[in-house]
Amino acid sequence: MLRSLILAAARSPRVERLIETAPLTREVVRRFVAGTTGADALRVTRELADGGAAVSLDYLGEDTLTTDQAVATRDEYLSLLSALSTAELTPAAEVSVKLSALGQRFDEKLAFDLAHSICAAASEAGTTVTVDMEDHTTTDSTLDILSRLRVDFPTTGAVLQAYLRRTEGDCRELVGAGSRVRLCKGAYAEPESVAFSNRLDVDKSYARCMSILMSGQGYPMLATHDPRLIAIGENGAKWFDRTPDTFEFQMLYGIRPDEQRRLIHEGYTVRVYVPYGGEWYGYLMRRLAERPANVAFFARALTSRS
Ligand code: FDA
């Protein structure tokens, strides 16, 4: 119930204005977002890489409405990739891209062309791109664009969401050699007709999908902070004889950093998803919706005096 309310608020411009202008919002944002500039992104990437983590950088923004905005997002990724390469942070750091930030909602060809040029720049910089997955109305279009990107850039990563009823089938389609698939639970408000709403059903779906990916030929990227699913992932690696260079765990910046360090210490590959940029509102609201304790943390910060 609380989750649905927060995700509904994520789409309300009024709530957005209220939260963006609240005096202590910045404190809360800093917990989940690296900063607003490319320099912030590089600094955090360097710190994480020094601690043994791999990184996927996300330039925040979604549901872009104009070609100019979409092109500006592409340009930010191009300069980020060039800076990562100059700083010798590739291939440890890759980028994650939302197609809606590249114009997918109003011009799929534009989104494909811009994503293609980001993949080309990543390839030039010696690293990869993962295409984030958004709400279910975009799944077919995103998987279609992804399969076309993979013609020229076969290492481009997909994201599949375990809460969608279709996802076991999508996992089977994407387990071939060379394919990189990030498996997450899913972060959007979805109708019962397309998604499991019960947490246990989502977790069971995640475990089934993980088993399909871990037994396949591709490179699974297990994106979760859930201790039970991480333990199942560790067992699955033993069961399917997967060495640390054949799969990875992924977590979000600021969430369970101790667990990130533990897994690195155990010898696993861990990639931290690091968002940066000024358009943090939608991202922050999804993080709040995932955990009621974050709402309390946020409310305390908003109501306490500086
Ligand atoms: P769950 O939500 O059950 O959390 C398990 C435990 O993790 C909690 O009990 C808590 O301890 C901790 N935790 C989880 N979320 C937290 C939070 N916000 N704050 C504090 N603690 C928290 N989704 C999507 O739809 N499309 C995408 O492209 C991506 N991409 C993506 C990349 C990466 C690297 C990750 C880790 C996640 C995503 N997601 C995503 C988000 C994903 O779908 C999901 O919403 C979150 O990962 C939370 O789900 P968990 O699997 O962590 O389980």
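Predicted model: local features only at pLDDT ≥ 70, side-chain atom pairs only at ≥ 80, totals over all residues.
1. **Domain layout.** The protein chain splits into two domains. Domain 1 is made of two segments, 1–33 and 280–306. Domain 2 covers 34–279. Their C-alpha centres are 23 Å apart. Domain 1 brings 14 residues to the contact, and domain 2 brings 23.

2. **Interface area.** Interface size is often quoted as the accessible area lost when the parts come together. Here, domain 1 and domain 2 bury about 1400 Å² between them. Carbon and sulfur atoms give 49% of that area. On the domain 1 side, the residues losing the most area to domain 2 are V33, Y283 and R286. Together they make up 39% of what that side buries.

3. **Polar links across the interface.** Three residue pairs are in polar contact across the two domains.

4. Three helices each supply at least two residues to the touching side of domain 1: α1 (2–9), α3 (25–32) and α12 (281–290). Helix α12 gives the largest share, with six residues. By class, that side of domain 1 holds six nonpolar, one polar and seven charged residues.

5. **Helix α12.** How much of this helix is covered? Nine of the 10 residues of α12 are buried. Among them are Y283 and R286, two of the residues that lose the most area to domain 2. L284, M285 and L288 of α12 are also buried.

6. **The R286–E62 salt bridge.** The structure holds 25 salt bridges. One of them joins R286 and E62, with the closest N and O atoms 3.0 Å apart. R286 sits in helix α12, while E62 sits in the loop between β1 (54–59) and α5 (67–86), so the pair ties together parts 224 residues apart in sequence. R286 counts as buried because its relative accessibility is 6%, under the 20% cut-off. E62, at 24%, counts as partly exposed.

7. **The D135–R105 salt bridge.** D135 also forms a salt bridge, with R105, at 2.9 Å between the closest N and O atoms. D135 is in the loop between β3 and α7, and R105 is in the loop between β2 (93–97) and α6 (108–124), so this pair ties together parts 30 residues apart in sequence. D135 is buried at 10% relative accessibility. R105 is partly exposed at 41%.

8. **Around D135.** The loop that holds D135 runs between β3 (129–131) and α7 (139–152). Which residues does D135 touch, leaving aside those up to four places away in sequence? They are R11, R105, Y188 and E190. The side chains of D135 and R105 make a polar contact of 2.9 Å. The side chain of D135 also meets that of T137 in a polar contact of 2.4 Å. By contrast, V29 lies 106 residues from D135 in sequence and 23 Å away, C-alpha to C-alpha.

9. R261 and D258 form a salt bridge, and their closest N and O atoms are 2.7 Å apart. Both residues lie in helix α11 (residues 257–265). They are three residues apart, about one turn of the helix. Is R261 buried or exposed? R261 is exposed, with a relative accessible area of 52%. D258 is exposed too, at 57%.

10. **A salt-bridge network.** D58, K98, D132 and R182 are linked in a network of salt bridges. R182 also touches Q250.

11. **Q250.** This residue lies in strand β7 (residues 248–252). Q250 is buried, with a relative accessible area of 4%. Its side chain makes a polar contact of 2.7 Å with the side chain of E248. Beyond residues up to four places away in sequence, Q250 touches R182, M221, L222, A223, T224 and R271.

12. **L164.** L164 is in the loop between β4 (158–161) and α8 (167–173). L164 counts as buried because its relative accessibility is 3%. Setting aside residues up to four places away in sequence, L164 touches H136, T139, E190, V194, A195 and F196. E190 is also touched by D135. R271 is 107 residues from L164 along the chain, and their C-alpha atoms are separated by 24 Å.

Terms used: Residues numbered from 1 in each chain as written. Heavy atoms only, no water. Domains from an automatic or database assignment. Contact = heavy atoms within 4.5 Å. Buried area = accessible area lost by both parts, 1.4 Å probe. Salt bridge = Lys/Arg side-chain N within 4 Å of Asp/Glu carboxyl O. Polar contact = N/O pair within 3.5 Å; in protein donor to acceptor, adjacent residues only side chain to side chain. Helix = DSSP H or I, 4+ residues; strand = E, 2+ residues; numbered from the N terminus. Nonpolar A, V, L, I, M, F, W, Y, C, P; charged D, E, K, R; others polar. Buried < 20%, exposed > 50% of the residue type's maximum accessible area, 1.4 Å probe, protein only.
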